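Please read them with the coordinates open, as each point refers to particular places in the chain.

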Amino acid sequence: MHIVLVEPEIPANTGNVSRTCSCTGITLHLVRPLGFSVDDKQLKRAGLDYWHLLDLHYHDSFADLQAKYPEGRFFYATTKAEKSYTEFEYGPNDFFVFGKETRGLPDELIDANLDTAIRIPILPDARSLNLSNAVAIVVFEALRQQGFPGLT
Ligand SMILES: C[S@@+](CC[C@H](N)C(=O)[O-])C[C@H]1O[C@@H](n2cnc3c(N)ncnc32)[C@H](O)[C@@H]1O
């Protein structure tokens, strides 16, 4: 599976997501521009000593990434989705796309992909979950559905 962070801004969040990906064998894609340097201390600290396990790819734009994976099925995590993340059956070649901390995913991207936009239920008055927590919730549902492949 693949996690895509579109223009992440907070290094500790990307560090946490890196660690989740390292521990589960999920590929991480970072779409530029990033709001931090990849040498950032907070990024490294959150990822601890798991970096050697991480399959990490950088892309100059989301369109670039999609062009590299024409067979991929893309799910878009957003509070604006109508469907819950539990409504789909996920597979090993799926991509899960997450937006930046301040603004989320661009409206045009969501509007063009409403059929595979997924929402984690939260209270109506709450704005959103933390990015790295949202990633962990979705990833572990997808892994659970597939019997936690290769994990003990
Ligand atoms: C901090 S949130 C962005 C908040 C932004 N103000 C917004 O309204 O989208 C960062 C990312 O985490 C994911 N996220 C956070 N809460 C979510 C939820 N309840 N359902 C689905 N995705 C969520 C989305 O991918 C979002 O773009």
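1. I begin inside the sheet, where phenylalanine 74 has phenylalanine 95 of strand 6 as its bridge partner, and phenylalanine 75 stands opposite phenylalanine 96 in that strand. These pairs belong to the contact between strand 4 (residues 73-77) and strand 6 (residues 94-98), which run parallel and are joined by four bridges. Please keep in mind throughout that this is a predicted model.

2. Strand 4 also pairs with strand 7 (residues 117-119), again in the parallel sense, over two bridges; here tyrosine 76 has alanine 117 of strand 7 as its bridge partner.

3. Helix 1 (11-24) has 14 residues and reaches 20 Å from its first C-alpha to its last, close to the 20 Å expected at 1.5 Å a residue. The helix is mostly covered, with eleven of its 14 residues buried, and the buried set includes Asn13, Asn16 and Arg19 as well as Val17 and Cys21. Just after helix 1 comes glycine 25, with a positive phi of about 75°.

4. Helix 5 (residues 131-145) has 15 residues, which at 1.5 Å a residue should span 21 Å, and the 22 Å between its end C-alpha atoms agrees with this. Its buried residues are Leu131, Ser132, Ala134, Val135, Val138, Val139 and Ala142. Seen down the helix axis, these buried residues fall within an arc of 155°, so they line one face of helix 5. The buried residues of helix 5 pack against strand 1 (2-6), helix 1, strand 4, strand 6 and strand 7.

5. Which residues are closest to the ligand? They are Gly99, Gly104, Ser128, Leu129 and Ala134, within a shell of 17 residues that surround the ligand. By class, this shell has eight nonpolar, five polar and four charged residues.

6. Arginine 32 and proline 33 are joined by a cis peptide bond, with omega about 0°, and proline 33 is placed in the loop between strand 2 (27-31) and helix 2 (41-47). Glutamate 7, although not a glycine, has a positive phi of about 50°; this residue is in the loop between strand 1 and helix 1, and counts as partly exposed because it has 19 C-beta neighbours inside 10 Å.

7. The segment after helix 5 holds two further positive phi values. Glycine 147, which follows helix 5, has a positive phi near 75°, while phenylalanine 148, a residue other than glycine, has a positive phi near 50°. Phenylalanine 148 lies in the segment after helix 5, and is exposed, with 11 other C-beta atoms within 10 Å.

Notes:
Residues are numbered from 1 along each chain as its sequence is written. This is a predicted model: local features need pLDDT of at least 70, side-chain atom pairs count only at pLDDT 80 or more; totals for chains, interfaces and linings use all residues. Two strands pair if DSSP finds at least two bridges between them. A residue is near a molecule or strand if its C-beta atom, placed from the backbone, lies within 6 Å of it. Ala, Val, Leu, Ile, Met, Phe, Trp, Tyr, Cys and Pro count as nonpolar, Asp, Glu, Lys and Arg as charged, and the others, Gly among them, as polar. The expected span of a helix is 1.5 Å times one less than its number of residues. A residue is buried if 20 or more other C-beta atoms lie within 10 Å of its own, exposed if 12 or fewer, and partly exposed in between; C-beta atoms are placed from the backbone. The arc is that of the directions from the helix axis to the C-beta atoms. Two residues are in contact if their C-beta atoms, placed from the backbone, lie within 7 Å.
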